Amino acid sequence: MEPQTGTLRKHGVLIRLQEQPFRVLLALLDKPGEVLTREELQRQVWPGDEFGDFEHSLNIAINKIRGALGDSSKTPQYVDTL
């Protein structure tokens with residue numbers, strides 16, 4: 001993972017994520033194995049009132065992370081939601 005360029009690699013293959021999904025992934029990686037609430041993610045990734053529809057934005061970000069990692073919501077290996 002290369003935070004400064006917004007890229008990560010999976011099996012040597014370069015994977016690019018948009019800014020917000022990448023920031024969500026960084027927040028999750030900062031606390032591996034811990035549960036992060038929506039409120040915590042909102043404060044870290046969407047501070048202030050600039051985020052618009054936060055719930056929708058977070059759902060899209062998680063879906064993009066899962067897509068990039070080849071993860072599934074039904075059988076998650078990397079990102080699990082409660």
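Residues are numbered from 1 along each chain as its sequence is written, and side-chain values use heavy atoms, with hydrogens and water left out. Because the model is predicted, local features need pLDDT of at least 70 and side-chain atom pairs count only at pLDDT 80 or more, whereas totals for chains, interfaces and linings use all residues.

Helices (H or I, at least four residues) and strands (E, at least two) were taken as DSSP runs, numbered from the N terminus. Strand β1 (residues 7–10) and strand β2 (residues 13–16) run antiparallel and are joined by four bridges; two strands pair if DSSP finds at least two bridges between them. Within this pairing, R9 stands opposite L14 in β2. The hairpin of β1 and β2 has two residues between the strands, and H11 takes a positive phi near 55° there.

The expected span of a helix is 1.5 Å times one less than its number of residues. In α1, the residues P21, F22, V24, L25 and A27 are buried, where buried means under 20% relative accessible area, exposed over 50% and partly exposed in between (1.4 Å probe, protein chains only). The cover over these buried residues includes β1, α2 and α3.

Helix α3 (54–69) likewise agrees with expectation: its 16 residues should span 22 Å, and its end C-alpha atoms are 22 Å apart. Just after α3, G70 takes a positive phi of about 70°.

A search of the whole structure finds two salt bridges, a salt bridge being a side-chain nitrogen of Lys or Arg within 4 Å of a carboxyl oxygen of Asp or Glu. In one, E19 is joined to R23, with the closest N and O atoms 3.6 Å apart. Both residues lie in helix α1, four residues apart, about one turn of the helix. An α-helix has 3.6 residues a turn, so residues three or four places apart point the same way. E19 is exposed, because its relative accessible area is 57%, while R23, at 29%, counts as partly exposed. In the other, E55 is joined to R38, with the closest N and O atoms 2.7 Å apart. This pair links distant parts of the chain, E55 in helix α3 and R38 in helix α2, 17 residues apart. E55 is partly exposed, with a relative accessible area of 40%, and R38 is partly exposed at 35%.

Two further charged residues, R66 and D71, are buried without a salt bridge. Lys and Arg count as positive and Asp and Glu as negative; His and the chain ends are not counted. R66 lies in helix α3, and D71 is found in the segment after that helix. For D71, the nearest side chain of opposite charge is R66, 4.5 Å away. The side chain of D71 instead reaches the backbone nitrogen of Y78 at 3.0 Å, and a polar atom of the R66 side chain lies 3.1 Å from the backbone oxygen of V79. Leaving aside neighbours within four places in sequence, D71 is in contact (heavy atoms within 4.5 Å) with R66, P76, Q77, Y78 and V79.

Definitions and conventions:
Polar contact = N/O pair within 3.5 Å; in protein donor to acceptor, adjacent residues only side chain to side chain.
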